[in-house]
Amino acid sequence: MRNTILTGILACLLLQLAHAQTRIHRPLHEDEGRQLTVASKVSSHNDRPQLYTTFSWMDSLSAWDTISQTTLSYDGNGYLVEEVTSNYLGNAWIPSFRALYVHDVNGRYIDERYFDWNGASWDSTIRYVSAYDAVGRPNLFLIIQWNGTAWDTINGTRSVYTYRNVDQVESRVKSRWQTLQSTWTLIDSTWYSYDAANEWDTVTTYSYAGPGWTVSNRTVGYTWYDFSKRLPYTGRYQTYGTGWTDYTRYRAIYGANDSQTFVYHTYNAPNWDSTGKEVFVYDAQEHLIDYQYYDWIGAWEQSDGQLNHYTYDGTGQTLELVREQFDGYLYRFDRRFVYANFLVGIAIPTLPAIKVRAFPNPVADHLQFSVEQSKPGPVSIQLYDLQGRLRAETLVQHADGVIDFPIPVQLPSGSYSYRLITREGSATGKVMVYQ
């Protein structure tokens with residue numbers, strides 16, 4: 001069962017977790033739409049070590065054995081621009097892996113290049129290129145491979161996004177480069193539909209079998225714990241043959257720090273049979289500290305798991321991570337990561353304050369903003385409740401005049417704070433909403 005819902009709904013999350021355990025930071029490229037994936041978890045904590053060392057546990061010696069070391073370099077804004085990993089072999093450090101990252105003016109990754117060491121120099125391997133539209137939405141993701149002499153799309157793929165309005169994705173269409181035809185050939189597409197509350201209610205995938213699209217599968221029945229974080233309560237996965245057929249479903253509960261428990265069922269008409277359960281537990285820094293998977297065999301039986309033990313300094317920076325893996329019977333030490341030489345004196349850039357007038361206040365349906373001396377460009381607006389939770393947001397292209405922010409119909413009446421960000425600066429304030 002783990003290759004059903006997990007593949008469609010949580011695979012991207014598992015990729016993120018795997019990357020996080022091997023590198024302190026890994027750019028969130030698409031890896032099929034990671035920024036759109038439900039049940040994702042994005043940490044608000046930002047460590048900036050310039051060095052970390054990885055160790056492997058040796059059962060025979062009951063000791064940690066050094067296996068690799070990674071150095072990280074940052075630009076003046078604190079953005080990661082290079083990481084180099086060397087393996088420890090024969091009492092010497094041997095280069096192994098290198099990555100270069102390029103950002104745009106907003107700190108978004110637009111070009112990532114990866115290299116392997118051939119014994120004398122760095123060989124290019126793969127490249128990820130991202131592009132954004134005028135209001136900052138991702139609209140292209142391209143994977144290119146190195147052919148030995150130059151970057152070549154011979155094995156490349158790309159994904160192109162469209163939007164139903166300024167901030168809600170409508171589709172992702174994926175293509176593969178065909179050398180003989182010198183063109184991009186369609187592979188598959190994903191389409192998103194929304195309910196009256198502007199939350200996903202159906203995500204449908206199509207395969208391309210020229211000259212047209214063939215429907216493949218969909219996830220329906222979404223209910224949401226927190227749509228702004230893409231955290232669902234329920235969803236149901238269906239496949240398409242001669243019609244839609246239920247295949248699997250999940251139900252989720254949430255705890256402290258948005259910790260998650262997912263229970264999966266497979267449909268064997270006319271019953272839903274329990275098949276699997278996953279547990280994700282996060283600490284206050286939003287790092288994964290406990291992961292467990294269970295199979296249903298008349299009772300829940302654990303088949304996979306991972307324990308992560310973090311050590312933090314007084315500022316919350318991660319000094320050490322010790323990882324244990326479940327081997328089917330018990331947890332055993334697996335990896336240890338020690339972080340050092342933290343970047344100091346550089347913080348995430350802060351924007352200057354700008355003057356903004358929000359009206360009407362109180363507001364019922366449309367909140368408007370008048371920005372003093374604002375230049376044309378993208379404007380981000382976020383609305384938070386008294387607990388600091390993001391309840392609504394939008395991204396618009398501002399030219400002149402006032403900026404309109406529709407109040408979601410499902411937003412409860414009460415007091416909220418807003419944050420408005422332009423290229424010139426940011427502003428915050430309070431507003432009362434009544435529905």
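Biologist: How many residues lie between strand 18 and strand 19 in the hairpin that they form, and which residue in the turn has a positive phi?

Modeller: Five residues lie between strand 18 and strand 19, and Gly316 in the turn has a positive phi of about 90 degrees. This is a predicted model, in which local features need pLDDT of at least 70 and side-chain atom pairs count only at pLDDT 80 or more, while totals for chains, interfaces and linings use all residues. Residues are numbered from 1 along each chain as its sequence is written, and side-chain values use heavy atoms, with hydrogens and water left out.

Biologist: How do you know that strand 18 and strand 19 pair?

Modeller: Strands (DSSP runs of E with at least two residues, numbered from the N terminus) are said to pair if DSSP finds at least two bridges between them. Strand 18, residues 300-312, and strand 19 have seven bridges in the antiparallel sense, so they meet that rule. Within this arrangement, Gln306 stands opposite Gln325 in strand 19.

Biologist: What joins strand 19 to strand 20?

Modeller: Seven bridges join strand 19 to strand 20, residues 331-342, and these strands run antiparallel. Glu324 stands opposite Phe333 in strand 20, and the hairpin of strand 19 and strand 20 has four residues between the strands, with Gly328 at a positive phi near 105 degrees.

Biologist: Why is strand 19 called mostly covered?

Modeller: Seven of the nine residues of strand 19, which spans residues 318-326, are buried; a residue is buried under 20% relative accessible area, exposed over 50% and partly exposed in between, with a 1.4 Å probe and protein chains only.

Biologist: Why does Val81 count as partly exposed?

Modeller: Val81 has 25% relative accessibility, and therefore counts as partly exposed. Leaving aside neighbours within four places in sequence, Val81 is in contact with several residues, including Tyr74, Leu100 and Tyr101, where contact means heavy atoms within 4.5 Å.

Biologist: What makes Tyr114 and Tyr128 an aromatic pair that is edge-to-face?

Modeller: Rings of Phe, Tyr and Trp (its six-membered ring) pair if their centres lie within 6.5 Å, and planes under 30 degrees apart count as stacked, over 60 as edge-to-face and the rest as tilted. By this rule the count comes to 32 aromatic pairs. Tyr114 and Tyr128 lie 5.5 Å centre to centre with 80 degrees between the planes, so the pair is edge-to-face. Tyr114 lies in strand 5 and Tyr128 in strand 6, so the pair ties together parts that are 14 residues apart in sequence.

Biologist: Why is the pair of Tyr250 and Phe262 called tilted?

Modeller: Tyr250 and Phe262 are 5.7 Å apart centre to centre, with 55 degrees between the planes, so the pair falls in the tilted class. Tyr250 lies in strand 14 and Phe262 in strand 15, so this pair ties together parts that are 12 residues apart in sequence. Tyr250 counts as buried because its relative accessibility is 1%, and Phe262 is buried with a relative accessible area of 1%.
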